[in-house]
Amino acid sequence: MPEGIYLLHSNHPPAGDQPEAIARLIAGIESGKTHQILKGVTGSGKTFTMANVIHRLERPALILAHNKTLAAQLYSEMKHFFPENAVEYFVSYYDYYQPEVYIPGSDRFIRKDSAINAHLERQRLSTTKSLIERPDVVVVASVSSIYGLGDPDIYRALQVPLVTGMTVERHNLIERLAQLQYERCSRTIERATFRVTGDVIDIFPADSEHRGVRVELTDNVISRLSWIDPVSGDVLGSLEHYRVSPKTLYSTPRDRIEQACEKIRADMEQRVEELNRDNRVAEAGRLYERTEADIEAMQLRGYCSGMENYAGYFNGRDSSLPPTTLMDYLPRDGLLFIDESHVMVPQISAMYRSDKSRKDTLVDYGFRLPSSHANRPLTFAEFEAIKPQTIFVSATPGSYELGKTGGEVISQLIRPTGLLDPEVQVRPMASWEEDLLAEIRERVARQERVLVTTLTKASAEALEQFMRVNGINANTLHSDVKTDDRIRLIKELRAGDYNVLIGINLLREGLDIPEASLVVILHADRAGFLRSVQALIQIIGRAARNANGLAILYADKITPAMQQAIDESSQRRDIQQAYNQANDISPRTPSRTSGDLVETAREPEVITVAFCDSLESLCHEITRREKDMLDAVDNQDEVRAKQLRQELRALYKQTIFMDA
């Protein structure tokens, strides 16, 4: 496949108002717009629209998602759309993370405690490697992407290139691998290890999931490179070249470690002197002991626990500059998609303040050097300054996004499947338990699923117990559930292993569960962000992927937020019904397991267009007709716009043929 080409795999071309949204987004990017909003209802195929924009523009893309569950879903969908390209997943590699914290009021220090998920760590390393080495990358990431990482230039310089025919001395190669923190062993069954048998070196790269690399040397020349099974050693295929990447994103050359340790010790002695001068002897002694222990570990092993707190010493970066993050690995021509932007934007904004507050206390009481502040997330202003051209994606964009675009939005309100927004009913809280059980049993009989949202973790777990006592198989999803378990729970719900999923905030945005025909919102009239207009619209939308969709709001009164959400859902139903009637579409629940939007409606009549003899000429024809379609829409020439949409549909089908 040619470099930088994004091959989009889909069984169906863009439909509904997807073609217009795709065309407007591409036109905006090409005209230099820095910010655009894609406002799309649940089930309208916003992810498919994003994939089409990436495919057409052929530019690296970073997609931000506000939680790991949504990020995993987007990653799965993008992998389906772009199987030949480098689709990567970058989220926090901790299943559990407790940062070090000092609480002065009770004189209590909580040590850093964490459980690293090796699979997520490998995917982070794979992400940075792909961004450095490939032009065709799509990264799905969480807010972890705005936290400090190792410098990409240092990371690139540390990589060990391997090329067939290249001259390399055996002992030098072994030494280079050790510098990458790879461990020599008798069997390469763990990542970041290598074994040596004569002139054959087997390497299990830190970023590889299940393949190792065999290097065969003849007279200090690489005579052969091969993919191997790291356990059995069986050869899986040949290689022409490969770059071995460091074990961690904080890997540092030995000479830099020595230089850094000198600087760390000098800063530590200066800070200790300041504390002693202020008669803070305990803090001074604490800082001296902790820092000396870290220096000793770095000099001995090249690494220490909490090494990220010394990041500023290794990258040589001016402390007044923003930290290096994943954003620095993204090429200059990259695109940024902020999914569920109404949640993601506030989340990005809050990260820096929280981190700074915690570290200020640690520094003040002698647990860390002031330089630990260099390892931090970006401030929102820094994020704004370095982010590339950005597309906000949300069914309910917030005031920040609307301000950046002057209130201009690109709407995607039509579902090609013909599915309607669910009917919304308000029912009293009195006797809600019996009423809800009856509704659930009706769905269970139809082999459909139910989503229920409560306000607290305790009430969610109590409701799960109530369900089980009454013979309903239910599970709870909340922030304490590990990433892998969240994904498993959703898969099991879709598979019918249980019938009801109860949540608090994680059931709001982006979850794609077509089998869920009923969404229940308990205490819908309570004040707060969990029952805001945006939140209610998002939760109601979880039932919009099923032809039998219904949303029940249990409340004792109808609040303004509830009424606005009900009105918007009703308006969207009217728009979709008009589209269905005009195109003779009967809504049906899609049956799918990945990101492809399956169109279950009857194929509309298509105008025949000439077959293009090359991908280049086809792209030219699509671009020309998209511009004509936008002009027709803007001029309210519906007849011409409809004709152009039909022509575009025929051209889109040609792209499927060529991609195959």
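K46 touches L38, G40, V41, V393 and Q412, leaving aside residues up to four places away in sequence; contact here means heavy atoms within 4.5 Å. This is a predicted model, where local features need pLDDT of at least 70 and side-chain atom pairs count only at pLDDT 80 or more, while totals for chains, interfaces and linings use all residues. Residues are numbered from 1 along each chain as its sequence is written, and side-chain values use heavy atoms, with hydrogens and water left out.

**Around K46**

- K46 sits in helix α2 (residues 46-57); helices (H or I, at least four residues) and strands (E, at least two) are DSSP runs, numbered from the N terminus.
- K46 counts as buried because its relative accessibility is 13%; buried means under 20% relative accessible area, exposed over 50%, and partly exposed in between, with a 1.4 Å probe and protein chains only.
- A polar atom of the K46 side chain lies 3.3 Å from the backbone oxygen of V41.
- A395 is 349 residues from K46 in sequence, yet their C-alpha atoms are 9.5 Å apart in space.

**The seven-stranded sheet**

- Seven strands make an open sheet with parallel pairing, in the order β3-β8-β2-β17-β18-β1-β19; two strands pair if DSSP finds at least two bridges between them.
- β3 (86-90) and β19 (410-412) are the edge strands with a single partner each, so one side of each has no neighbour in the sheet.
- From one strand to the next, this sheet twists by 20 degrees on average; axes are lines fitted to C-alpha atoms, for helices over the stretch in contact, and angles run from 0 to 180 degrees between N-to-C directions.
- β3 and β8 (residues 137-141) run parallel and are joined by five bridges, and E88 has V139 in β8 as its bridge partner.
- Helix α2, the one that holds K46, lies across β1 (35-40), β2 (61-64), β8, β17 (335-339), β18 (389-394) and β19, and runs at about 180 degrees to β17.

**The six-stranded sheet**

- The other open sheet discussed here has six strands in the order β20-β25-β24-β21-β23-β22, again with parallel pairing.
- At its edges are β20 (423-427) and β22 (474-477), each of which pairs on one side only.
- Its twist averages 20 degrees from one strand to the next.
- β24 (residues 516-521) pairs with β25 (residues 550-554) in the parallel sense over four bridges; L518 stands opposite L550 in β25, and V519 stands opposite A551.
- On the sheet packs helix α14 (residues 432-445), which touches β20, β21 (449-453), β23 (500-503), β24 and β25, with its direction at about 170 degrees to that of β25.
- Helix α18 (residues 560-583) packs on the sheet too, touching β20 and β25, and its direction makes about 155 degrees with that of β20.

**A closer look at β25**

- β20 and β25 pair in the parallel sense over five bridges, and E423 stands opposite L550.
- Five of the five residues of β25 are buried, so the rest of the structure largely encloses this strand.
- In a regular strand, side chains alternate between the two faces of the sheet.
- β25 is covered on both faces: L550, I552 and Y554 are buried on one side, and A551 and L553 are buried on the other.

- E20 is in helix α1 (residues 18-30) and counts as buried because its relative accessibility is 17%.
- Not counting residues up to four places away in sequence, E20 touches M629, L630, V633 and R645.
- N635 lies in the loop between α19 (615-634) and α20 (638-659), and counts as exposed because its relative accessibility is 62%.
- N635 and E433 are 202 residues apart along the chain, with 54 Å between their C-alpha atoms.

**Domains and annotation**

- The assignment gives domain 1 (1-149 + 323-417 + 590-659), domain 2 (160-244), domain 3 (257-310) and domain 4 (423-569); these bounds come from an automatic or database domain assignment.
- The centres of domain 2 and domain 4, taken over C-alpha atoms, are separated by 51 Å.
- UniProt, in an unreviewed entry, lists residues 254-301 as "coiled-coil region"; UniProt positions are given in the numbering used here, feature names are shortened, and annotations may be inferred rather than shown by experiment.
- In the model, residues 254-301 are 94% helix and 0% strand, and the end C-alpha atoms of the span lie 10 Å apart.

Key: Polar contact = N/O pair within 3.5 Å; in protein donor to acceptor, adjacent residues only side chain to side chain.
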